[in-house]
Amino acid sequence: MDNIYLYMIIALAILAIADLVVGVSNDAVNFLNSAIGSKAISFKTVMIVASAGVAVGAVFSSGMMEVARKGIFNPSEFMFDEIMIIFMAVMITDILLLDFFNSVGMPTSTTVSIVFELLGAAVAIALIKIGHDGGSFGDVINYINTSKASQIIFGILLSVVVAFSIGALVQWFSRVLLSYNFEKKAHWVGALFGGFALTAITYFIFMKGLKGTSYAKESYDILGGNTMSHFLETNVLPIVLVSFTFWSLLSYSLIAFAKTNIYKLIIIVGTFALALAFAGNDLVNFIGVPVAAYNAFLEWSASGIPAHEFPMDVLAEKVPTNNWLLFMAGMIMVLTLWFSTKAKGVVKTSLDLSSQGETKERFQPNFLSRGFVRTAMVMSQVSSYLLPQSVQEKIDKQFEKPVIKMPKDRAYELPAFDLVRAAVNLMVAAVLISIATSYKLPLSTTYVTFMVAMGSSLADRAWGAESAVYRVAGVINVIGGWFFTAFSAFTAAALVAYLLNLNLTVMFPVLLVAALILLIRSSMLHTKKSKEVRAEDSLIKAESSSVQGVIYESANNVANVVKRGNKIYTNAINGLAKQDLLSLKKNKKQIDKLSLEVDELRDNIFYFIKNLDESSVGASNFYINILGYLQDMTQSLEYISKVSYKHVNNNHKKLKFNQIKELKEVDAALESLFNDTKAVFDSNAFAEIAGILDRKEEVLNILSEKIQKQVERTRTEESSPKNTTLYFGVLLETKDLLTATMNLLEEYHNSHDASIKPATIASPEEE
């Protein structure tokens, strides 16, 4: 039995590596968001700076098991065997929970997850002990530090509100003072902003990044014989004043003489600072539990006392960590930063919600987001009445965004926000986390950095009438996810601890294998999802400014819709014939996806027309018509797919043999027509469209014949109203589908100029 604890230590070491990977994937958003979103520096430079920060932070990490030191539970109340169950439950739950959030691209707090997992697992074991000893439920307070849990929950609520409010306030004042033409302001303005921002960030590096480390606590300053940590705590004002003077003078020199963009420097230093603080302080969230378990294992092994009789008083002390272990953990974090696609997904969520421009909105509005937006609009109207008109106009002028003229190959690569907002995000997050650290308040870097970014987005008017309701819904979803983290971490860890306690020898390998299978499955699903996003058959936006250019660019989209539409129609008919509900449900999802892609192309019309010159109006008319016909086609397919699914799902009577036979004949005629159409557009052989158009009457006659037969059947023998409604509905929508397809072909036939070949049409890059 004793050997199982050695196996558990080995498993915890492996889980620690996995936890580092999923933890960095989740927390990378904290320090990558501002630099990537502003495009202040290249992505490669951002990654190098962040990697340096992570590596330095890991080496300088305090290496203490923070959550044990803060006393989430009282270790002296538990025996070695119980502690090992708690730690194993925590690590298994933590990896699965963080991986789930990473897979859906949602940022969450590693600090909160580890704290509530420890709390949940400890409560479960405590209740088992109390039940075994015949105690009462109230005795759980002897095992658990309930005040700490309350303090953390209060810290979450406070940090969300404070970070959002201060981020919004500082961004509003910064924009009013600097406007969007900040690079044209006087040198002293940029110097003061640089001095203030860099002072905040460097103070943050010392207070949050270095003050709590073992090096700071063990090193002595030359003058007073005190530790660096003591020196930093007792000389806050002098450090801030000297730092502000130094950075302001340096900023002025760089702006005036070296012609340096001080805002880029702020972003580089800020990215390094947040990465350093993340690794230096949050590393314990990933390896603290395994390190504590290893130390407990060493103490127990040396004692010779049975596991169920060995108390864990040793964990009440600080748990040191080998520096080489910290270095290796730092390298794993750096590698994850470079290669994790899930990290990029989490960053994308934050950037989409804070973007200055239009993005594909990931979240649907809800009653809360609509309510918040309406309230904000009313408050905005009230403030406009209170402020004099002249003042309001001056403020509005500062928020006027410059028109950016970019080459068309860069049309969709604009920064999510400018350098001022990126600098404010880093500066405010740094200050807030520094203050909280100095007062020893429990505070999540994820919550602060995310909410500061959201507050600055609101103040910067990034959430306009077109996007506000979606962005606010996204923020509500993320915040809801944070509270879900706490609840699910507590519940899941308690359940895993209970299962392990039932039979450790059996449940330990079972749960470990289950966790491994779930991780592999999650990774495979994420890879599949990523491939779907990059799929070759996804629809592409047109960028050409000539009719002939758009004809050739859109050909792929038409071939795509025709190919997928043909498959969707056939699947619907086959599903009806076989009463295959699963197939029809899957088919319904396929048409929903296709319909969404066409809608996105239509949503892009505004930007397509904006990029056209005055001589290219014909291209816009052609493109609008093509998209209209594509939408008509998808709407008909959507109706056919949904009514087929609804009919089978409601267990209505199966279509009669003759009806199915006739629908198969229609499907065969359509399939032949669609295959020929796809071939024409795949090969850009638009001259052959005329031959397909000649077959229009042939297919329409087949449809009319089937409709007439059903009319006769209904008058004489048909007894099912549902069957009749379904059959007529499918045939009539098929007629609309055919009409939309033929209209699209006629548009191409009439607009195509055979004398202009694809090779002579300028590519978007050339234009």
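Predicted model: local features only at pLDDT ≥ 70, side-chain atom pairs only at ≥ 80, totals over all residues.
Residues are numbered from 1 along each chain as its sequence is written, and side-chain values use heavy atoms, with hydrogens and water left out.

The protein has 27 helices and zero strands; these are DSSP runs numbered from the N terminus (helices: H or I, at least four residues; strands: E, at least two). Of its 767 residues, 51% are buried, where buried means under 20% relative accessible area with a 1.4 Å probe and protein chains only. Contacts are heavy atoms within 4.5 Å. Among contacts between residues at least 6 apart in sequence, 84% join residues at least 24 apart.

Two helices were compared with their expected span, which is 1.5 Å times one less than the number of residues. Helix 5 (residues 110-133) has 24 residues and should span 34 Å, and its end C-alpha atoms are 34 Å apart, which agrees. Because 18 of these 24 residues are buried, helix 5 is largely enclosed by the rest of the structure. Just after helix 5, G134 has a positive phi of about 75°. Helix 24 (residues 657-683) has 27 residues and reaches 39 Å from first to last C-alpha, close to the expected 39 Å. N684 follows helix 24 and also has a positive phi, near 55°.

A nonpolar core is a set of buried Ala, Val, Leu, Ile, Met, Phe, Trp, Tyr and Cys residues joined through side-chain atoms within 4.5 Å. The largest core has 133 residues, of which Y5, F80, F87 and L500 touch the most other members. Helix 11 (residues 262-303) supplies the largest share of this core, 21 residues. Leaving aside residues up to four places away in sequence, L500 touches I85, M88, A89, M507, F508 and L511. A second, separate core of 58 residues includes A555, A577, L594 and L738.

The protein exposes about 35600 Å², 62% of it from carbon and sulfur atoms; areas come from the Shrake-Rupley method with a 1.4 Å probe, and for residues only the protein chains shown count as cover. W188, L192, F196, F244, Y252 and F257 form a nonpolar surface patch with about 690 Å² of accessible area together. Patch residues have over 30% relative accessible area and no salt bridge, and nonpolar side chains (Val, Leu, Ile, Met, Phe, Trp, Tyr) are joined within 5 Å. A salt bridge is a side-chain nitrogen of Lys or Arg within 4 Å of a carboxyl oxygen of Asp or Glu. Helix 7 (187-210) and helix 10 (236-256) each supply at least two patch residues. Helix 7, which contains F196, gives the most, with three residues.

Key:
Buried < 20%, exposed > 50% of the residue type's maximum accessible area, 1.4 Å probe, protein only. Patch = residues over 30% accessible without salt bridge, like charges linked within 9 Å, V, L, I, M, F, W, Y side chains within 5 Å.
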